[in-house]
Amino acid sequence: MSVVCGPAIRLENLTLGYERHPVVHHVSLEIPAGGLVAVVGPNGAGKSTLVKALAGLKKPLQGQVHGLRGQRVAYLPQHAEMDRSFPINVLDMVAFGLWHETGALGGLDRAQRERCHHALESVGLQGFAGRTIDTLSGGQFQRALFARLLLQDAPVILLDEPFTAIDARTTEDLLKLLHRWHAEGRTVLAVLHDLAQARAHFSHAMLLARELIAWGAPAEVLGPGNLARSMGMHEAFDDEAPPCEVPEGPAATVQAHDHRHGHAHGHVHAGEEV
């Protein structure tokens, strides 16, 4: 088993949003090198926005992300963002994981093609190489996407709701892959809704409700008090508040501000992506 040293990732007063209306704001924490992190919180808490920022797809309104410059990052978006109508077979889709070796137009040599087949075998899809992706079940398609992640061989892996709407057997098999990556020293973040999964399989948990409610060991972060607080903070936001004027000064940490009673921080227009 190869060992890949994933970086420590430090968020410094990180504020993310749309049209200057923060979705996630004033977040400061350090994810240890090789951490296996569950990102949890209510619907609309900003989990996907945070992961997109770490993937380089969302520019901060304020603050910084340290530790990812020059790193290869593998990102798996939600199922709803994936177009399965494109006429491509499973092998060719998985082969995109070798883009860092082949380039956009490069073909596969024999060794690379064998690696693609091995990746498919690793996720239980041997014999599926010639199938078109529109013929796969939800679980089979997710397995193929994980095979592509295997080929990317990235030290940082970001997963947005990787186990939503897939069968229990597939979830169990893919969780084993997460543990394999963790054992190899990769830094892995996964957006989850299943708190039992977070407690059982992850080294760290990040609880968001547009602000950082708690960070640390899952058993402590996902306690009843923090979960109740996350729901209360999320429900208290006023979508009609004016844009947030992000203050200068020391970064906020785990202690979230109180933005109830019409305070302008942390608001997002109704219907905007979170």
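Q: Is Arg-186 buried or exposed?
A: Buried. This is a predicted model, and in it Arg-186 has a relative accessible area of 4%. That counts as buried because the cut-off is under 20%.

Q: Which residue forms a salt bridge with Arg-186?
A: Asp-153 does. The closest N and O atoms are 2.9 Å apart.

Q: Where do Asp-153 and Arg-186 lie?
A: Both are in loops. Asp-153 lies between α5 (138-152) and β6 (156-160), Arg-186 between α6 (168-183) and β7 (187-191). They are 33 residues apart in sequence, so the pair ties those parts together.

Q: And Asp-153, how accessible?
A: Partly exposed, at 35% relative accessibility.

Q: Switching topic. How many salt bridges does the structure hold?
A: It holds 8.

Q: What about Arg-115, which residue does it pair with?
A: Glu-101, with 2.8 Å between the closest N and O atoms. Arg-115 sits in helix α4 (residues 110-122) and Glu-101 in helix α3 (residues 99-102), so this bridge ties together parts 14 residues apart in sequence.

Q: How accessible are the two ends?
A: Arg-115 is partly exposed at 34%. Glu-101 is partly exposed too, at 38%.

Q: Last one. What links Arg-10 and Glu-12?
A: A salt bridge between their side chains, 3.5 Å from N to O. Arg-10 is partly exposed at 35% relative accessibility. Glu-12 is partly exposed at 33%.

Terms used. Residues numbered from 1 in each chain as written. Predicted model: local features only at pLDDT ≥ 70, side-chain atom pairs only at ≥ 80, totals over all residues. Heavy atoms only, no water. Salt bridge = Lys/Arg side-chain N within 4 Å of Asp/Glu carboxyl O. Buried < 20%, exposed > 50% of the residue type's maximum accessible area, 1.4 Å probe, protein only. Helix = DSSP H or I, 4+ residues; strand = E, 2+ residues; numbered from the N terminus.
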